Amino acid sequence: MRILITSVLLLAAAFCSAQADANSTAVIEVTPEAVLAMLKDKVFLADVNEEFTYAEAHLPGAKLLVYDAIAADQLPSDKAQPIVFYCYSPECPAARMAAETATKLGFSRVHCMSAGIVGWQDAGLRTEP
């Protein structure tokens with residue numbers, strides 16, 4: 001009887017875990033080159049750097065957002081529109097944190113360019129001042 005109860009509990013836990021995974025949206029890691037290709041379509045670029053970094057260089061068309069204050073009204077009204085978050089460099093966790101917030105807000109196509117503006121520039125891609 002104990003084995004049967006343990007088996008039922010394990011199956012229930014596995015089912016609940018699978019359901020949670022099926023209902024969650026993962027943040028997709030992208031490279032600067034992949035983001036460049038995405039620019040051909042409608043994509044929302046979210047720069048979560050400090051103001052002075054954004055003023056110095058940012059991706060063309062990127063909007064400056066505060067990484068720990070992301071709200072749905074700052075993002076596209078279409079929750080299926082691709083969004084790319086980036087910060088300064090791979091060592092900066094701000095883009096990942098902001099992207100995870102967007103998924104919790106119900107956005108389904110959320111990307112993180114961990115290479116940041118430094119990786120974008122290292123790839124020789126154009127920035128705006």
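I started with β5 and found both of its faces covered, since Val110 and Cys112 on one side and His111 and Met113 on the other are all buried (under 20% relative accessible area, with exposed over 50% and partly exposed in between, for a 1.4 Å probe and protein chains only). The element names I use are DSSP runs numbered from the N terminus, with helices being H or I of at least four residues and strands being E of at least two. I note that this is a predicted model, in which local features need pLDDT of at least 70 and side-chain atom pairs count only at pLDDT 80 or more, while totals for chains, interfaces and linings use all residues. Residues are numbered from 1 along each chain as its sequence is written, and side-chain values use heavy atoms, with hydrogens and water left out.

Next I looked up the partners of β5, counting two strands as paired if DSSP finds at least two bridges between them. Strand β1 (residues 28-29) pairs with β5 in the parallel sense over two bridges, and Glu29 has Cys112 as its bridge partner there. Strands β4 and β5 (residues 110-113) also run parallel and are joined by four bridges, with Ile83 facing Val110 as its bridge partner in β5. Between these two strands the chain passes through helix α4 (residues 94-104), and this β-α-β crossover is right-handed, a term that applies if, with the strands pointing away from the viewer, the path from the first strand over the helix to the second runs clockwise.

I then turned to β4, where Ile83 and Phe85 on one side and Val84 and Tyr86 on the other are all buried, leaving both faces covered. I recall that side chains in a regular strand alternate between the two faces of the sheet. β4 also pairs in the parallel sense with β2 (residues 44-47), over four bridges, and Tyr86 in β4 is the bridge partner of Asp47.

Which residues does Gln81 touch, leaving out those up to four places away in sequence? I found Lys42, Val43, Phe44, Pro76 and Arg109, taking contact as heavy atoms within 4.5 Å. Gln81 lies in the loop between β3 (63-64) and β4 (83-86) and is buried because its relative accessible area is 10%. Ala80, in that loop as well, counts as partly exposed at 34%, and its C-alpha is 5.8 Å from that of Arg109, although the two are 29 residues apart in sequence.

Last, I checked the largest nonpolar core, which has 18 residues, with Val48, Phe85 and Val110 among those with the most contacts inside it; such a core is a set of buried Ala, Val, Leu, Ile, Met, Phe, Trp, Tyr and Cys residues joined through side-chain atoms within 4.5 Å. Its largest share, five residues, comes from α4.
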